[in-house]
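I opened the model today and kept notes as I went. The entries follow the order of my look-ups.

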Amino acid sequence: MKALTEMNPRLRAWLGFGLGALVLFAAAPALLSDFRLSLLAKYLCFAIVAVGIGLAWGRGGLLTLGQGVFFGLGGYAMAMHLKLADAGPGNMPDFMELYGQLDELPAWWAPFANPAFALAATVLLPMLVAFGLGTLVFRRRVRGAYFAILSQALAAAMVILLIGQQGTTGGTNGLTDIDGFFGYDLDDPVNQRMVYFIIAAVLLGLLALTRQLMRSRYGELLVAVRDSEERVRFLGYNPANVKLVAYVVAAGMAGLAGALFVPAVGIISPALIGIVPSIEFVIGVAVGGRAALLGPVLGAVAVAWAKTALSERFPGTWTYLQGAMFVLVVAFLPGGLASLWGMVRRRRETPPAPAPVTGDQALIKEVAV
Amino acid sequence: MLRLHRRGLMAGSVALAAALALSACGAKTGENETAGGVTADTSGDTVKVGLLNSLSGTMAISEVTVRDAILLAVEEINAAGGVLGKKIEPISEDGASDWPTFAEKAEKLIKVDRVAAVFGCWTSASRKAVKPVFEENKALLFYPVQYEGLEQSPYIFYTGATTNQQIVPGLDYLKAQGKKSVYLVGSDYVFPRTANKIIKAYAEANGLKVLGEDYAPLGSTEFGTIVNKVKTAKADAVFNTLNGDSNVAFFKEYKSAGLTAAAMPVVSVSIAEEEVKSIGTQYLAGQLTAWNYYQTTTGPANDKFVKAYKAKYGADKPTSDPMEAAYTAVYLWKAMVEKAGSFEVEKVKGASDGVTFEAPEGLVTVDGATQHIHKTARIGKIGDDGLITEVWNSGSPVKPDPYLKGYPWATGLS
Amino acid sequence: MTAGGLSIRGLRVVFDGFVAVDGVDLDVAPGDIRFLIGPNGAGKTTLVDAVTGLVKASGSVRFGETELLGRDVHRIARLGVGRTFQTAALFEELTVLQNLDIAAGAGRGPWTMLRTRRAVPDDVAFALEAIGLAGRRDTLAGTLAHGQKQWLEIGMLLVQNARLLLLDEPVAGMSHEEREATGELLGKIAADRTVVVIEHDMDFLRRFARTVTVLHAGKVLSEGTVAQVQADPKVQEVYLGHAAAESEAVEA
Amino acid sequence: MTVILGQLFTGVSIGAVLLLIALGLALTFGQMNVINMAHGEFIMAGAYTTYVLQQTITDAGVSLLVAIPIAFAVAGAMGVLLEWALIRRLYTRPLDTLLVTWGVSLMLQQLARDIFGAPNVQTKAPDILTESTSLGGDVSIANSRLFILGLVVLAVVALTAALKLTPLGRRIRAVVQNRDLAAVSGIPTGSVDRLTFFIGSGLAGVAGVALTLLGPIGPTMGTNIIIDAFLVVVVGGIGQLKGSVIVAFTLGMLQAMVEYLTTLSVAKVIVFVAIVAFLQWRPQGLFTLRTRSLA
């Protein structure tokens, strides 16, 4: 009996992954047209960002309103490589000659001609930036709303910086007109399908990784830090490092998502990075259930789909709906739709980790007296 | 047992993913493409066209008016019997002021709705985002907004002004007025930066001094420093390529700093009748604009257009240059299709050269080589009533020259 | 001074001009159970805050040979200094087992951290037994009864392997039986540790204190065994005869 | 020299605008630790109030002066409504408040679009506020900027006096310092919160009136400035107005100087870097109400 309950969650998880793989690899390509499948590919990219936010925000309490920055870093790293590859060795991307009037490739572009470097950069660059900022910010115990506002300001600053360097970044246009993906022609629907499969596989892989992280001792510690950072400190941990790991991992995921978004959609631009897209990444996570594993994924896909479907017919209504989702879900159902599922299904494999309750505040009052 | 099971499942899914990914590999870059584009669905008794404008987000303010103008043209054409005997069925999509969304919706219009042509886009960024989509699928886009030139896609018709039909005439006008120096103020994006590059090249060749160049991030509303710089530079005129909200803040600051249209006029290229309304004539009266069309432009075609527009959308709604260009675009497409006798993209393109239309702005002619149109350049002065009246025009339509090949001073720009 | 004990010299804590702790000297030997008492605002909790690095202080606090002042909270904790709080500060969304496991894990390497816990570590199992919560190890900490929460906190100190335990009112709100159990637990723990307890409950103090320090207005008022302190007229004055009266009543 | 003088004043006036939009936030975020992302939309409401009033009161000067108290009341009422309907349920969840009020701000923007249309609307400023005052030589100061500077000084003085001198102010400060103790002492913390929100949001409305003199009046006017306002409060520190005052003018000066030497884009980025660096030095902002709480 006991063996069964212990084995159960693991078995269930693998069944779940199997089912997910079946839906993503068999059902979706069979049922959807090329156009719809390419839309799904785009949504799955947002879902990858959402997985990271779920870890950092749902489990770690780090409301990052600047994931667009990391999404953008990954996207630009990938797009820079693809633009260089399109242009061919020794040539400059088209827009540079047009807008930049540069005679030669800027030095910081050059390494991206190397596919290995560019691929590594899509993940490592965002992680590095997150590490730098996170170290500074968490070490000094900047947290909660302060952290949220700072991460938002970072997104704003990044957009201004990118737009200002039009000659080398494409400015507001971003990097567009990307034809090839490591030698494969992106105009060919078959290759678009390949891109979709890669994105789906990456999403499944990252879900597995995140599941492991959430169930590991680190995952428990992360929840502990979220609920009572000071208490964790008194146990001999440095909460800054615990948070840093979640933040950096989430940044890496966003970077990877950005990198995959480029071949799927064929564009990366500052419009995907700023304050508004960054906060829109969060809405899907909130709706789906911030602390659950699958909640953010399903939430992100559902919200992106609803946006496409509804904004076509009722652009104004969509804005109301989006606002209402923030208000209703966050205020009255902080666990998201996943918590409804949890209520229906009494038993849980892992202890629930719902909305952060401010254990810290009780503690603060406590030591204050 | 369990471990075995896990490994097996893991290996299975990895193998599945790998097999699918490998089997899915298609054409390599450089190989002959098999895809020949999507053909429009014209089988029924209607023909679909796409309207691709931002109906939400920051650009909705401008783009909704363009969509309204396109719908007006469609309605008029349908009332007159349609195109090649088929009624036009407009399908409107929201670009949501977001460039990837534009690309996505363009793809939907082409592949799912199989429209014969798409009208829309406003910002250069949205055009750049959809350009590869139209080229890949060999579908047509009519782009109705003045832009920075330096582009010539085989699948886009540009019915707004290119630089030699708006910016260069604006500079010519300033020069003719005896202005010796200018100050450049613009929003930080592609159009102003490219425009200012052209202005600097022109200035160098024409003895005009550029005393300063400043950019504000899109949406920026703090112009204290920039106006202070403009003021101390004491230029003869300001060339303004600011976009959107920034114009409001700029002109309020400009007036408050004691700068006047008489002493230091501002030539704007993004302020049309709609924008005048939202900034207020209190701040704008006497300032100059460069366009190809004003609501006050004379001629029976414009009288009819303005009357029809106001009848459909309200008497307080002004008409403006981009709206006129969008309205004209639909009629030009109709003329091309009728000349070609077919909705087929390649045939329509082939028939385009020399197609004319008596537009509200006057006679326009399609230049088949560049797929731009011949347009008359006009400088206008903003009046106390919020309308813009023409103070100068180029006399006859100016031949489009997107790469400024006909201007010796512009060599090296493109 | 004995190695491993707590040794405080000239400790001063100032908040915006208000002197909360004013030059306290204090020595607690290993194996001792020292009770800190004093009226509200005497600086008891502030003293513990200063020792654990929560508030800035001047002077010197040594645990064994190591100076604690000026170190980060988590570094002090790693030196074997553990504390509890007046109201239990647990991770309420985690189970008893998870709470203890986290408390036990500050020294774990990254590899261990990134893996799932496969079995209950020995020290955690021992602590579960010691605090009598072995049967409730999968219960969420937030749902425990008040006394159980306090025990869990003590259990966390045990697995944290703290050599110096600073307990802030550990029996507040407990029933008589629970107090007895807690006191006995403290007695067992103290064998190879240094224990400092802040407590108002005089009955509990008399039963389990080995030595007592009385703080008043940020200064040490009196120090010694329970009997010595009770006999000190200064203490009686500060407590307005309260403690003395109570003890007489109990003895009577 | 005239340039430098001009820039100095530009810096001061940027600071004045920053302070005006941040003042209400300093109260609601600073004193109540509530992050109200809809603050920008309250500013917008103030601006639209001015616009609506001008439809009936045609004299620009009179309507502007009348608009100030009415905008205060309108935005204040919206603030109270928001506090009552949502925020009071979320006091222990500050991050969720942020997201919820962001949702509210989205809906308010769309509401403005539906009522007033997506394009910006115009208001007429009294002529005297579109002119400038000469300080001799080439140096002159825009009257609109002087007006805003005066308004913000007035607001700061009035707010400080109200907090320090009135019984209501003492209650607010008591709640800020120790909510539980205040509650036990018989202060109705709920209504004090609502009143604080009324004043804070009302100040946003006043800022909206002032902004009609400087910039566009449209549905998105609030979003463009809200982050700047938040940064002022974050850097200024919680619980004291003087932090926000100093930071607003310092950031204004910094931005004016850097922008003069480089560009507005670079200035914005440098200001952000400066803020992160500053928080390294003082993570709780310039001034913090010092309690013995964990910081």
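How many residues does the contact take from chain B and from chain D? I found 32 residues from chain B and 35 residues from chain D. Contact here requires C-beta atoms, placed from the backbone, within 7 Å.

Before going on, I noted the conventions. Residues are numbered from 1 along each chain as its sequence is written, and chains are lettered from A and ligands numbered from 1 in the order in which they are written. This is a predicted model, where local features need pLDDT of at least 70, side-chain atom pairs count only at pLDDT 80 or more, and totals for chains, interfaces and linings use all residues.

**Chain B against chain D**

I listed the elements giving two or more residues to the side of chain B that touches chain D: α2 (60-79), β7, α7 (224-233), α8 (245-256) and α9 (273-279) of chain B. Helices (H or I, at least four residues) and strands (E, at least two) are DSSP runs, numbered from the N terminus. On this side, α8(B) gives the most, with 6 residues. By class I noted 10 nonpolar, 13 polar and 9 charged residues on the side of chain B that touches chain D. Nonpolar covers Ala, Val, Leu, Ile, Met, Phe, Trp, Tyr, Cys and Pro; charged covers Asp, Glu, Lys and Arg; the others, Gly among them, are polar.

**The sheet in chain B**

I traced an open sheet of 7 strands in chain B, with mixed pairing and the order β7-β6-β8-β9-β10-β14-β15. Two strands pair if DSSP finds at least two bridges between them. β7 (209-216) and β15 (388-393) of chain B stand at the edges; each has a single partner strand, so one side of each lacks a neighbour in the sheet. Neighbouring strands of this sheet are turned by 25° against each other on average, direction ignored.

I then checked one pair. β9 (266-268) and β10 (288-291) of chain B run parallel and are joined by 2 bridges. Ser268(B) has Thr289(B) as its bridge partner in β10(B).

Next I looked at the helix on this sheet. α6 (190-206) of chain B lies across β6 (181-187), β7 and β8 (237-241) of chain B, and runs at about 165° to β6(B). Axes are lines fitted to C-alpha atoms, for helices over the stretch in contact, and angles run from 0 to 180 degrees between N-to-C directions.

**Two domains in chain B**

The domain assignment gives domain 1 (46-162 + 302-374) and domain 2 (164-291 + 378-410) of chain B. Such bounds come from an automatic or database assignment. Their centres, taken over C-alpha atoms, are separated by 27 Å. The contact takes 25 residues from domain 1 of chain B and 21 residues from domain 2 of chain B. On the domain 1 side, α4 (124-137), α12 (321-340), β12 (362-367) and β13 (372-374) of chain B give two or more residues. β12(B) gives the most to that side, with 4 residues. That side has 9 nonpolar, 12 polar and 4 charged residues.

Is α3(B) mostly covered or uncovered? It is mostly covered, with 12 of its 14 residues buried. Buried means 20 or more other C-beta atoms within 10 Å of a residue's own, exposed 12 or fewer, and partly exposed in between, with C-beta atoms placed from the backbone. Trp99(B), Phe102(B) and Leu109(B) are among the buried residues. The buried residues of α3(B) pack against α2 (34-59) and α11 (239-265) of chain A, together with β1 (46-53), β2 (87-94), β3 and α4 of chain B.

I followed the chain onward to Arg114(B), in the loop between α3 (99-112) and β3 (117-120) of chain B. Arg114(B) has a positive phi of about 50° although it is not a glycine. Arg114(B) is partly exposed, with 16 other C-beta atoms within 10 Å.

Leu150(B) also has a positive phi, near 60°. I placed Leu150(B) in the loop between β4 (141-143) and β5 (156-158) of chain B. Leu150(B) is partly exposed, with 19 C-beta neighbours inside 10 Å.

**Enclosed helices in chains A and C**

In α9 (217-227) of chain A, 10 of the 11 residues are buried, so this helix is largely enclosed by the rest of the structure. Glu220(A), Arg226(A) and Asp227(A) are among the buried ones. In α1 (44-51) of chain C, 8 of the 8 residues are buried, so α1(C) is largely enclosed too. Just after α1(C), Gly53(C) takes a positive phi of about 90°.

Key:
Two residues are in contact if their C-beta atoms, placed from the backbone, lie within 7 Å.
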